[in-house]
Amino acid sequence: QIYQITSSTLNKLGEHQLSWLAADRAIAISHRCDDPLLTGIATCRISSALTALGRHRAALEISVGTASHHVPDRRRAVTPQQTSVYGQLLLHAATAAAHIGDQPTVEELLNAADRAANQLGGDHNHYWTAFGPTSLQLHRAATAIELGEAKHAIEIHQQIDPDQFNRLMPERRAHHLL
């Protein structure tokens, strides 16, 4: 968890290479602890660093690849934590696809994340994902902006429940509004 926090902080400070390194170390430790959900969250950190470095294709591939290991299996009970990590990986992948300009992939990934958010049933912070329907809407708006669809992004923003939006962490609200 310390590596995760370090990776996130370094990314915010513009130290994307070091952020990537910290996330990579988090993955190594999560493998040793046999915690695939921590591996998934650390992959989100790597995806963020790769995106910040302009390596969008790599961010897309690593996010989708890791998400494929977390696809909810309807034959077994799926925990909210598993659903949240899976959904967050899909959102990172959609963001990377938007940077590439791959509209069909963005839609496919956001639709899959929508199914996960609906399965989760609300906004939660399982495994530090802050994943749920509101986060999904924020990502829909962000990817619309990245794809040059400002009008659509505004329409999405207007559909966000103000009460749910105000419950988000101040950092998430500020990022979205910017």
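1. Basis. The model is predicted, so to speak of local features a pLDDT of at least 70 is needed, side-chain atom pairs count only at pLDDT 80 or more, and totals for chains, interfaces and linings use all residues. Residues are numbered from 1 along each chain as its sequence is written, and side-chain values use heavy atoms, with hydrogens and water left out.

2. The largest pocket. About 1500 Å³ of space lies in this pocket, and among its 44 lining residues Ser 48, His 139, Glu 171, Arg 172 and His 175 are the closest to its centre. A pocket here is an open set of points on a 1 Å grid over the protein atoms alone, where a 1.4 Å probe fits, with protein on both sides within 12 Å along at least five of seven lines, and lining residues have an atom within 4 Å of a point. The volume is the space filled by probe spheres set on the points, which are joined across faces, edges and corners.

3. Its lining. Helix H3 (36-52) gives the most, with eight residues, while helices H1 (2-12) and H10 (170-177) are among those that each supply at least two; helices are DSSP runs of H or I with at least four residues, numbered from the N terminus. The lining divides into 18 nonpolar, 21 polar and five charged residues, where Asp, Glu, Lys and Arg count as charged, Ala, Val, Leu, Ile, Met, Phe, Trp, Tyr, Cys and Pro as nonpolar, and the others as polar.

4. Salt bridges. There are two, by the rule that a side-chain nitrogen of Lys or Arg lies within 4 Å of a carboxyl oxygen of Asp or Glu. Glu 171 pairs with Lys 12, their closest N and O atoms being 2.6 Å apart, and because Glu 171 lies in helix H10 and Lys 12 in helix H1, the pair ties together parts 159 residues apart in sequence. Arg 140 forms the other salt bridge with Asp 114, at 3.6 Å between the closest N and O atoms, and this pair links helix H7 to helix H6.
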